[in-house]
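Morning, everyone. I have one structure for you today, and I'll keep it short. Have a look at it first.

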Amino acid sequence: MEDVINENWYRGVASAAFSEDWKSYFVVFKDGWWSCNNIPDGLSDVLRNRHFRSDIKSVSLGPNGEYYLQAYNGRARGGATLSQVL
């Protein structure tokens, strides 16, 4: 992640989220651009369905694959596996 931040220093970091593992992260930059690694499949699907737009305001990651994404337009998506809900 350090490389990603160093390569995009001019964007400024708005937030960084980590899962249970430091290798699982999501960095959001102040201009809405983002970078991630080893994220939950559900979040990957959301990003793909949004056509990888660079309008993300924040992302949170949980230790067991939970996620929450909010875009600048106010829309939000979240997810967890069924076993996490029960």
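Let's start with the inventory. The protein has three helices and six strands. Keep in mind that this is a predicted model. Along the sequence, the elements come in the pattern α-β-β-β-α-β-β-β-α.

Now the overall dimensions. The radius of gyration is 13 Å. Along the principal axes, the C-alpha trace spans about 45 × 30 × 15 Å.

What about burial and surface? Of the 86 residues, 31% count as buried. The accessible surface is about 5600 Å². Carbon and sulfur atoms account for 49% of that surface.

Then contact range. Take the contacts between residues at least 6 apart in sequence. Of these, 25% join residues at least 24 apart.

In which order do the three strands of the open sheet run? The order is 4-5-6, and the pairing is antiparallel. From one strand to the next, the twist averages 5°.

A quick reminder on pairing in general. Strands of a sheet pair through backbone hydrogen bonds, either parallel or antiparallel.

Look at one pair here. Strand 5 covers residues 67–71, and four bridges join it to strand 6. These two strands run antiparallel. As an example, Tyr-67 has Gly-79 in strand 6 as its bridge partner.

What lies across this sheet? Helix 2, residues 41–49, lies across strand 4, strand 5 and strand 6. Helix 2 runs at about 20° to strand 5.

Last stop: one cysteine. Cys-36 sits in strand 3, which covers residues 34–37. Is Cys-36 buried, partly exposed or exposed? Its relative accessibility is 26%. Buried means under 20% and exposed means over 50%, so Cys-36 counts as partly exposed.

Which residues does Cys-36 touch, leaving aside those up to four places away in sequence? They are Tyr-25, Phe-26 and Leu-47. Finally, a distance to Ala-16. Cys-36 and Ala-16 are 20 residues apart along the chain, and their C-alpha atoms are separated by 9.5 Å.

That's my tour. Over to you.

How values were computed: Residues numbered from 1 in each chain as written. Predicted model: local features only at pLDDT ≥ 70, side-chain atom pairs only at ≥ 80, totals over all residues. Heavy atoms only, no water. Pairing = 2+ DSSP bridges. Axes fitted to C-alpha atoms, helices over the stretch in contact; angles between N-to-C directions. Contact = heavy atoms within 4.5 Å. Rg over C-alpha atoms; globule rule 2.2 N^0.38 Å. Buried < 20%, exposed > 50% of the residue type's maximum accessible area, 1.4 Å probe, protein only. Areas by Shrake-Rupley, 256 points an atom, 1.4 Å probe, with all protein chains shown as cover.
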